[in-house]
Amino acid sequence: LHGAFARFKDELHAHLASDGFDDIGPSFGFVFRALDGAPLKLRDLAERLGITPQGALKIVDDMAAKRYVTRLA
C-alpha cells in the first residue's frame, strides 16, 4: 500500500509540474485540504495538521511566498 501511495504521489507531482505547478511543497496538500471551505486562524490550522503553530507558520509563509494562499490579519 505504501508503494502504491508513493507512486500516486510521484505521478501527481509530475502532472502538476507539467501544468506549471513545479514548486508545490510536500505539505501543501494537507493545508489545501484543511482550508477547504473556510479560512482558518494559524492556531486552528496547526491543530488540524497536528503540528506546532511555528511549523504551520513555516508552511503558510512558504505557500504565501509562492502565492498559493493569502494571509489576512
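Tutor: By salt bridge I mean a side-chain nitrogen of Lys or Arg within 4 Å of a carboxyl oxygen of Asp or Glu. Aspartate 61 sits in helix H4 (residues 53–65) and arginine 71 in the segment after H4, so the pair ties together parts that are ten residues apart in sequence. Helices here are DSSP runs of H or I with at least four residues, strands are runs of E with at least two, and both are numbered from the N terminus. Aspartate 61 is partly exposed at 36% relative accessible area, and arginine 71 is partly exposed too, at 47%. The cut-offs are under 20% for buried, over 50% for exposed, and partly exposed in between, with a 1.4 Å probe and protein chains only.

A word on the ground rules: this is a predicted model, where local features need pLDDT of at least 70 and side-chain atom pairs count only at pLDDT 80 or more, while totals for chains, interfaces and linings use all residues. Residues are numbered from 1 along each chain as its sequence is written, and side-chain values use heavy atoms, leaving out hydrogens and water.

The structure holds three salt bridges. Another one joins aspartate 62 and lysine 66, at 3.4 Å from N to O. Aspartate 62 is partly exposed at 29%, and lysine 66 is partly exposed at 30%.

Then there's glutamate 11 with arginine 7, whose side chains meet at 2.7 Å, N to O. These two are four residues apart in helix H1 (residues 2–18), so about one helical turn separates them. Glutamate 11 is partly exposed, with 46% relative accessible area, whereas arginine 7 is exposed at 58%.

Now zoom out. The protein has four helices and zero strands, giving the pattern α-α-α-α along the sequence. Its C-alpha atoms fill a box of roughly 35 × 30 × 20 Å along the principal axes. Of the 73 residues, 16% are buried. As for charge, there are 10 positive and 10 negative side chains, and the centres of the two sets lie 6 Å apart. Lys and Arg count as positive, Asp and Glu as negative, with His and the chain ends not counted; each charge is placed at NZ of Lys, CZ of Arg, CG of Asp or CD of Glu.
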